[in-house]
Amino acid sequence: RALAECLSAAGFEAHIRSLTAALDERCQALEQALRRRMPPGIRWTAPSGGFTAWMELPARIRPDDFIRDAAKRGVHLAPGRLFCVDDSGHHGLRLAFAATTPVEIEHGVEVMGELLEARARTGRARERLSRSAAP
C-alpha cells in the first residue's frame with residue numbers, strides 16, 4: 001500500500017524527473033572531469049545510465065595502494081575486484097557518482113589525476129635510474 005500511494009502521489013513524476021536530471025548532471029560532470037584530468041592511457045567507461053563508471057588502472061599501479069592514497073586525500077574509491085567474480089576487475093576501480101555533487105566529482109577526479117601523474121613520474125625516474133645503472 002505504501003508503495004502504491006507513493007507511486008500514485010501527486011508530484012511523484014516531477015520527483016523522478018528531478019532525480020533523473022541530477023544523476024545526468026553528475027554523470028556528465030564525471031565524464032567531463034575524466035576527459036580533462038586523466039593522463040593519456042587511462043581508460044574508463046562513459047556510462048549511459050546507472051550510478052557508477054568503471055576505470056582501469058595501468059598494470060604497474062597497485063589498486064589497493066592507489067585507493068589508500070586517494071582516501072588520505074579525501075577521495076573514496078571502490079576496488080574493482082569486489083564487483084567481479086573472476087580476476088577481470090583486479091586493476092579496476094568503481095567510480096560512484098550518484099551521491100556526490102559535481103564539485104566533489106571534479107575534486108575527486110583531480111586528485112586521481114594527480115596521483116596517476118605522480119606514479120608516472122616515479123616510474124619514469126626508476127626507469128632512467130635502472131638504465132643508467134646497467135652496465
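This is a predicted model: local features need pLDDT of at least 70, side-chain atom pairs count only at pLDDT 80 or more; totals for chains, interfaces and linings use all residues.
Reader: Why is the contact of Glu-31 with Arg-35 called a salt bridge?

Author: A salt bridge requires a side-chain nitrogen of Lys or Arg within 4 Å of a carboxyl oxygen of Asp or Glu. The closest N and O atoms of Glu-31 and Arg-35 are 2.8 Å apart, so the pair meets that rule. Glu-31 and Arg-35 are 4 residues apart in helix 2 (residues 12-37), which means that about one helical turn separates them.

Reader: What makes Glu-31 count as buried?

Author: The term applies under 20% relative accessible area. Glu-31 has 14% relative accessibility and is therefore classed as buried.

Reader: What makes the pair of Asp-69 and Arg-119 a link across the sequence?

Author: The closest N and O atoms of Asp-69 and Arg-119 are 2.4 Å apart, and the two residues form a salt bridge. Asp-69 lies in helix 3 (residues 63-72) and Arg-119 in helix 4, so the pair ties together parts that are 50 residues apart in sequence. Asp-69 has 17% relative accessibility and thus counts as buried.

Reader: Why is Thr-45 called partly exposed?

Author: Partly exposed is the class between buried, under 20%, and exposed, over 50%. Thr-45 has a relative accessible area of 34%, so it is partly exposed. Thr-45 is found in the loop between strand 1 (43-44) and strand 2. Not counting residues up to four places away in sequence, Thr-45 touches Glu-31, Ala-53 and Trp-54. The C-alpha atoms of Thr-45 and Glu-114 are separated by 20 Å, and these residues are 69 residues apart along the chain.

Reader: What makes Cys-84 partly exposed?

Author: The relative accessible area of Cys-84 is 22%. Buried requires a value under 20%, so Cys-84 is placed in the partly exposed class. Cys-84 lies in the loop between strand 3 (78-79) and strand 4. Trp-54 and Gly-89 are touched by Cys-84 when residues up to four places away in sequence are not counted.

Reader: Why is Glu-25 called partly exposed?

Author: Glu-25 has a relative accessible area of 48%. Exposed means over 50%, so Glu-25 remains in the partly exposed class. The place of Glu-25 is in helix 2. Glu-25 and Val-103 are 78 residues apart in sequence, and their C-alpha atoms are 11 Å apart in space.

Reader: Which residues have the most contacts inside the largest nonpolar core?

Author: They are Met-55, Phe-66, Leu-77, Leu-95 and Met-112, in a core of 25 residues. Membership requires buried residues of the listed nonpolar kinds, joined through side-chain atoms within 4.5 Å. Helix 2, strand 2 (52-56), helix 3, strand 4 and helix 4 each give two or more residues to this core. Helix 4 supplies the largest share, 6 residues.

Reader: Which residues is Leu-95 in contact with, leaving aside its neighbours within four places in sequence?

Author: Leu-95 is in contact with Leu-30, Leu-34, Phe-51, Thr-52, Ala-53, Met-55, Leu-77 and Met-112.

Reader: How many residues line the largest pocket, and which lie nearest its centre?

Author: The lining has 16 residues, and Val-75, His-76, Ala-96, Thr-100 and Glu-104 lie nearest the centre. Strand 4 (92-96) and helix 4 (102-133) are the elements that give two or more residues to the lining. Helix 4 gives the most, with 6 residues. The volume of the largest pocket is about 340 Å³.

Notes:
Residues are numbered from 1 along each chain as its sequence is written. Side-chain values use heavy atoms; hydrogens and water are left out. On a 1 Å grid over the protein atoms alone, a cavity is a set of points where a 1.4 Å probe fits but cannot get out, and a pocket is an open set with protein on both sides within 12 Å along at least five of seven lines; lining residues have an atom within 4 Å of a point. Grid points are joined across faces, edges and corners, and a volume is the space filled by probe spheres set on the points. Buried means under 20% relative accessible area, exposed over 50%, partly exposed in between (1.4 Å probe, protein chains only). Contact means heavy atoms within 4.5 Å.
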